[in-house]
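Please look over the fold below. Then read the short report that goes with it.

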Amino acid sequence: MKTAEIELIISNYFKPRINVIVPNVSWGLNFRHELDIMVVTKSGQAYEVEIKVSKSDLIKDKEK
């Protein structure tokens with residue numbers, strides 16, 4: 001399964017007509033911090049979703 005397919009599944013899970021869903025968020029000096037999907041609910045709760053599709057992806061992210 002590819003990242004785009006997983007993003008679509010996660011987006012549908014969090015109901016995009018009800019919640020704000022933002023993909024690929026980066027912030028900080030030189031964009032040092034990033035997340036794959038940010039979800040903000042109607043009640044103001046925020047969720048960070050990280051997507052890993054392989055062991056090498058996990059190791060690469062750990063090195064950041």
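The model is predicted: local features need pLDDT of at least 70, side-chain atom pairs count only at pLDDT 80 or more, and totals for chains, interfaces and linings use all residues. Residues are numbered from 1 along each chain as its sequence is written, and side-chain values use heavy atoms, without hydrogens and water.

**Sheet and helix**

Helices (H or I, at least four residues) and strands (E, at least two) are DSSP runs, numbered from the N terminus. Two strands pair if DSSP finds at least two bridges between them. Three strands make an open, antiparallel sheet in the order 1-2-3. Strand 1 (20-27) and strand 3 (46-49) are the edge strands, and each pairs on one side only. From one strand to the next, the twist averages 30 degrees. Angles run from 0 to 180 degrees between N-to-C directions, with axes fitted to C-alpha atoms, for helices over the stretch in contact.

Four bridges link strand 2 (residues 33-40) to strand 3 in the antiparallel sense. M38 stands opposite E48 in strand 3. Helix 1 (residues 3-13) lies across strand 1, strand 2 and strand 3, at about 30 degrees to strand 2. Contact means heavy atoms within 4.5 Å.

**Positive phi**

Most residues other than glycine have a negative phi. K15 is not a glycine, yet its phi is positive. N24 is also a non-glycine with a positive phi.

| Residue | Phi | Place | Relative accessible area |
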